[in-house]
Amino acid sequence: MEREYILNKTESVTVNITGGKIDSFRKKNETTSTLRLYDGGFIGIAGALGTHGEDELEHKAKESLERKIPYVCSLDGKEIRREDFTRPAVSDADFIPVMQDFIDRVSRTCPNFAISHKITKNNFSCLYKNSLGRELFCKGNSFEAGLLFQSRGSGNLMDAFYGEYNSVFEPDRMVADCKNIHDAFYCKADIENDTYPVIFTAYDMFATFLRNFSGEEYVSGGSLLSGKLGQKVFSEKLNLASDRNAATNPESCFFDDEGQTAENDRVFFVENGVLKHVTASKNSAKKFGIPVSKTSVSAYDGVPAGSYSRLYVSPTAESLAKLVPQKAILAVTASGGDTTPDGHFATPVQLAFLVENGVLVGRLPELNVSGDFFDMLGSGFVGAANSTVIGTDTMCAAEMKVEKM
C-alpha cells in the first residue's frame, strides 16, 4: 500500500473599494489536508479542512478504499526540495493605509474615474510527501489588484478595468499604468474595418480554446487537436505552457497535486509550434495512452485530474513596440464570444485601444473581432511580449478580422 500526503495553507488580506475609498477589510486563513492511499489498483482519499493528524486521515482513507475507485498508482520516487519564494510585502498593520494612499494617487492621476473593487495580498505554503520518500515544500506570496473604473457621469457600472498580478507591490508603475488607461480612454480613435494585429493577455487569447487541450476531449475526438500529438500544428513562434514558475506565477507551487515537477517549473503544451501535451493526470495518461502532463489538480477531498496552472507564452519580442510597431488593437474588455466546433472564434470587444509603436493612442468604438483557431495560432500568430503599457501580463498578438459595431 502506497500513500501521499498534502498540506496546503493560505492566508489572505483583502480590502474592498467603493468610490475611491476602502470601505471594508477581510482577513482569511484556510488550511486543507489530504491523504491518498493506493492499493490493488484503487485509490482511497481522505480530506479535511484544517490540520488533521495523518493517522486519523489514513484511517478514513482506508475506509474510502472500500469504494473501489480505480486509479493507477504511479508515485514518483525520492526527491527532497524546499523552496521559499516569499518577497517583501506590505505588513497587515500597514495594508489599509498604504492601499488607501495608493488609491488616492490613482484618483488624483485619473480624475475622471471613480474607482471600486478590491486589492488582495496572499501568502501560501504547500507540503507534499509520499511513501517513496519524496518530500516537496513551497511557500510564497502574491499581490493582486483589480480596479474597476467608472467614467464619472456615465451611469455604467464599469467603463474600464485595470488588473495586476505580481509577487510585489509596485505603486509607481501601477499608477502610471492606470494613467495610460485614463488618458487613452478620453482620447477618441478610429480605424477602418480590416485585418489587424489584435492584442490579448495570454489567458484572454486562449481561454475559449483551452478545451482543445483537454486529454478527455483529445481522446474522444472532440478536440480540434485530436490525433495531432507530436505534430507541428501552430506557428513555430508559439510556446504555450502551464506555468508554475514563481517568477511569472507568484501564487503557485513548483509541483502539481500528484507531486510532479517539470523543467524550469513549466510544462509546455505547445513548443515551437509542436503539440507536446494535452492535460492528463497519471491515471488518465495510463488509461488513454497519452503522455502525463504533470499538471494535475485536485480538490482537497477529490481525485486528481489533468488541468493547467496560469498560462505562460514565451515572449518573442522585447517590448510591445517591437512586437507590433504598426497599428494594432489592444482588447481590454472582451466578453460574450465563443468558438464554433470547427474552430471559428468571434467576440465583441467592449473596450479596445488603438496602439501604435507600443503606445496607447486612444479609445476605439466597440468592435467585433474574429479569426480561425489554426490561423490565429498559426500563420496569423504575431508573437508575444511582456507588457509595459498596462500591468505585467504577457501580451499575445494575432492577425484577426476587425469590424466596428
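User: How many aromatic pairs does a search of the whole structure find?
Analyst: This is a predicted model, where local features need pLDDT of at least 70, side-chain atom pairs count only at pLDDT 80 or more, and totals for chains, interfaces and linings use all residues. Residues are numbered from 1 along each chain as its sequence is written, and side-chain values use heavy atoms, without hydrogens and water. Rings of Phe, Tyr and Trp (its six-membered ring) pair if their centres lie within 6.5 Å. The number of aromatic pairs found is 15.

User: What kind of aromatic pair do Phe213 and Phe269 form?
Analyst: Planes under 30 degrees apart count as stacked, over 60 as edge-to-face and the rest as tilted. The centres of Phe213 and Phe269 are 6.1 Å apart, and with 45 degrees between the planes the pair is tilted.

User: Are Phe213 and Phe269 buried or exposed?
Analyst: Buried means under 20% relative accessible area, exposed over 50%, and partly exposed in between (1.4 Å probe, protein chains only). Both Phe213 and Phe269 are buried.

User: Which kind of pair do the rings of Phe373 and Phe374 make?
Analyst: Phe373 has 0% relative accessibility, so Phe373 counts as buried; Phe374, at 27%, counts as partly exposed. Their ring centres lie 4.8 Å apart with the planes at 65 degrees, so the pair is edge-to-face.

User: Over the face of which residue does Arg266 lie?
Analyst: A charge sits over a ring if NZ of Lys or CZ of Arg is within 6 Å of the ring centre and within 35 degrees of the ring normal. Arg266 is 3.8 Å from the ring centre of Tyr312.
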